[in-house]
Amino acid sequence: GQSRIYAKVAGDGEGLFIGAIVKLTGEADSNGIPVVALADASARPVGVCVGVVPEIEELNRLYSPASTADKIVVCDDPQIIMDAQANDTVVAGDIGLNVGLAAGSGGSTLTGFSSQEIDMSTKGTSSSYPFQIIGIKQNGGENALGADCKLLVRFNVHQYGTLSAGV
């Protein structure tokens, strides 16, 4: 999928981690780069954070800490297929359903990975949910239906998708 550089402003009190779903804020930095922030359950996503452009003095940093201005690499392709962890039990009948984003933020400062998950309590046919489950991640038999299953999801609602309202 396509990735582009977005900005995160120092006034943003949330950290951004790899795998975090982000939204546009309606602002741009002084270079005209659109600003993103961590998406909440009701946001229209613009993409998923796939990295942070490193500063020369912090080449090993894998995430963007809270209240830190950074350049964020975001996969903003509305057709991307992502793997995501469910926050509850997944059954075969859930494949094809639409789901929301579980509330929460943060991630691991060691790995740089986000702790956001798919909210299985929202599963249904509503077209307003931001994701659609398209399958179960296949990784050598280490993932199966059940609790905290790894899913394959696509955006069902996206900032650059069809009939998308402006920010």
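Q: Over which residues does pLDDT stay under 50?
A: Residues 163-167. This is a predicted model. For that stretch it has 10 contacts beyond four places in sequence.

Q: How should I read a part like that, where pLDDT is low?
A: Where pLDDT is low, the predicted coordinates should not be read in detail.

Q: What does the protein average in pLDDT?
A: The average is 90. A score of at least 70 is reached by 96% of the residues.

Q: New topic. What is the strand order in the open sheet?
A: It runs E6-E12-E10-E8-E9. That makes 5 strands, with antiparallel pairing.

Q: Which ones are the edge strands?
A: Strand E6 (81-85) and strand E9 (118-124). Each of them pairs on one side only.

Q: And how many degrees are neighbouring strands turned against each other?
A: On average 50 degrees, with direction ignored.

Q: Zoom in on E8 and E10. How many bridges pair them?
A: They pair over 2 bridges, in the antiparallel sense. Strand E8 covers residues 98-101, and strand E10 covers residues 131-136.

Q: Which residue in E10 is the bridge partner of Asn98?
A: Gln132.

Q: Which lining residues are closest to its centre?
A: Ile18, Gly19, Asp83, Ala84 and Gln85. The lining of this pocket has 21 residues in total.

Q: Which strand gives the most to that lining?
A: E6, with 5 residues. E6 is also one of the edge strands of the sheet. Strand E4 (47-52) supplies at least two residues of the lining as well.

Q: What about classes: how many nonpolar, polar and charged residues are in the lining?
A: There are 13 nonpolar, 5 polar and 3 charged residues.

How values were computed:
Residues are numbered from 1 along each chain as its sequence is written. This is a predicted model: local features need pLDDT of at least 70, side-chain atom pairs count only at pLDDT 80 or more; totals for chains, interfaces and linings use all residues. Side-chain values use heavy atoms; hydrogens and water are left out. Two strands pair if DSSP finds at least two bridges between them. Helices (H or I, at least four residues) and strands (E, at least two) are DSSP runs, numbered from the N terminus. Axes are lines fitted to C-alpha atoms, for helices over the stretch in contact, and angles run from 0 to 180 degrees between N-to-C directions. On a 1 Å grid over the protein atoms alone, a cavity is a set of points where a 1.4 Å probe fits but cannot get out, and a pocket is an open set with protein on both sides within 12 Å along at least five of seven lines; lining residues have an atom within 4 Å of a point. Ala, Val, Leu, Ile, Met, Phe, Trp, Tyr, Cys and Pro count as nonpolar, Asp, Glu, Lys and Arg as charged, and the others, Gly among them, as polar. pLDDT is the predictor's confidence in each residue, from 0 to 100. Contact means heavy atoms within 4.5 Å.
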